[in-house]
Amino acid sequence: MTAHTTPAGPAAGPRAARRRLIRELLLVAGFFTVYKAGRLLSTDRTGEAFRNAERIWDAERALHLPGEGAVQRLLLHGDALVTTANTYYAGVHFPATALFLIWLYVRRPAHYLWTRRVLAVLTGAALVLHLAYPLAPPRMLPVARLVDTGQVYGPTVYRASPDTDTLANQFAAMPSLHFGWALMLAIGVIVATRGRKGAKGSRWRLLWLLHPLVTLLVIVGTANHYWLDAIVAAALLGIALLLVPRPRASDRDGTDAGTDSAAGTEDGAEGVVPAFPRRKSAVAAVGAGK
C-alpha cells in the first residue's frame, strides 16, 4: 500500500485541490477531444454507411421492431412538438451530462469516479464501433421515408450535406451515445441517491428514468437513430457496468467512509473505487482515487 491511501490532511491545501480539479477537467476534455477526432476518421465511407443502413433497416423489420416512422408521426402533429424534440436532441445531451458529472464531483466523489470510468468504457467502445461500422441515420435512408426534422423544422446540429460537416460525423449512428449517456445519467443518479446502510432511498428518484425514455423517443422520432442504435448502446453500457465496480453503500458521499476502509485501496488502481474518509473535500477525494 502507498501513502496516498491515507486521508488528505489540511496540508494538502487549496492549491492541491485546484490542481486535482484542473487535472480532472483536462482529463474529461482530452477524452472528449479524442472521441470527436476519432469520429471524423470515418466521414469518407459514405457507400459503406448506406449499405449498413439498409442492413439495419431490414434487420429491424425481420425482428418485427416498431417502425421509426410511428414515433415521428406523433411528433409531426404540431410544429411546437417537433421543434421541442429537435431542441432536446441538440441542446440537452452534453449540458445534462456535464451538470450530472459536476454534481457527482462535488456531492458524490466516489460515484463520480465510478461514473467517469463507466462513461469512458462506454464511449471508447462506441468509438470503435463508429469506426468499424459506419452507419447512415434513418433520416438519410430513402426506403425509410422519414423527415429530417432538424433541417425542416430546426434547430439542428448537423449540416445539410454530410460531406461538408466538419464538426460531426453523421455516419456514426451505431450505437447512440445520446441514449447511452442518458441511461447512465439516470442510473448514476438513482445509485448515488440510494439510502444509506441498506435503507431505501426516495422512490421519486426513479423518475430520472424519464430522461433516457424521452431521449429514446426523441432520437428515433427525429430520425437520427434506429431502435437498434439504442439497443446496442444499452448493451454496451451493461458491459461497462459489469466491468467497473460500483461504489459501496458506505461511499454514498465523500464523508461517510471511515479510514479503515480507505486503508485497503491503492491510489490510481484503475477499476477500483476507493472509499473516502471523513471531512475529505470532493476534489481531494477524486484526486485520491484517480
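At 53% relative accessibility, V34 counts as exposed, where exposed denotes a relative accessible area over 50%, buried one under 20%, and partly exposed the range in between, computed with a 1.4 Å probe on protein chains only. V34 belongs to helix 1. Its C-alpha atom is separated by 9.6 Å from that of L127, a residue 93 positions away along the chain. The model is a predicted one, in which local features need pLDDT of at least 70 and side-chain atom pairs count only at pLDDT 80 or more, while totals for chains, interfaces and linings use all residues. Residues are numbered from 1 along each chain as its sequence is written, and side-chain values rest on heavy atoms, with hydrogens and water left out.

The protein contains 12 helices and 0 strands; helices (H or I, at least four residues) and strands (E, at least two) are DSSP runs numbered from the N terminus. Of its 290 residues, 47% count as buried. Among contacts with a separation of 6 or more, 79% join residues 24 or more positions apart, a contact being defined by heavy atoms within 4.5 Å.

The largest pocket holds about 670 Å³ of space. On a 1 Å grid over the protein atoms alone, a pocket is an open set of points where a 1.4 Å probe fits, with protein on both sides within 12 Å along at least five of seven lines; lining residues have an atom within 4 Å of a point. Grid points are joined across faces, edges and corners, and the volume is the space filled by probe spheres set on them. The lining comprises 24 residues, of which V28, A29, L101, Y112 and R116 lie nearest the centre of the pocket. Helix 1 (13-39), helix 5 (93-107) and helix 6 (109-132) each supply at least two lining residues, and the largest share, 9 residues, comes from helix 1. By type, the lining divides into 18 nonpolar, 2 polar and 4 charged residues; Ala, Val, Leu, Ile, Met, Phe, Trp, Tyr, Cys and Pro count as nonpolar, Asp, Glu, Lys and Arg as charged, and the others, Gly among them, as polar.

Helix 8 (residues 177-192) is largely enclosed by the rest of the structure, because 15 of its 16 residues are buried. Its end C-alpha atoms are 21 Å apart, which agrees with the 22 Å that its 16 residues should span at 1.5 Å a residue; the expected span is 1.5 Å times one less than the number of residues. H178 is found in this helix and is buried, with a relative accessible area of 14%. The side chain of H178 reaches the backbone oxygen of Y89 at 3.0 Å, a polar contact (a pair of N or O atoms within 3.5 Å, one able to donate a hydrogen and the other to accept it, with residues adjacent in sequence counted only if both atoms are side-chain atoms). Beyond four places in sequence, H178 touches Y89, H93, T215 and I219.

A230, in helix 10 (residues 227-243), is buried at 4% relative accessible area. With residues up to four places away not counted, A230 touches S176, F179, L216 and I219. The C-alpha atoms of A230 and T215, 15 residues apart in sequence, lie 9.8 Å apart.

Q72 is located in helix 3 (residues 68-75) and is buried, with a relative accessible area of 3%. Its side chain reaches the backbone nitrogen of V147 at 2.8 Å, and a polar atom of that side chain lies 3.0 Å from the backbone oxygen of G221.
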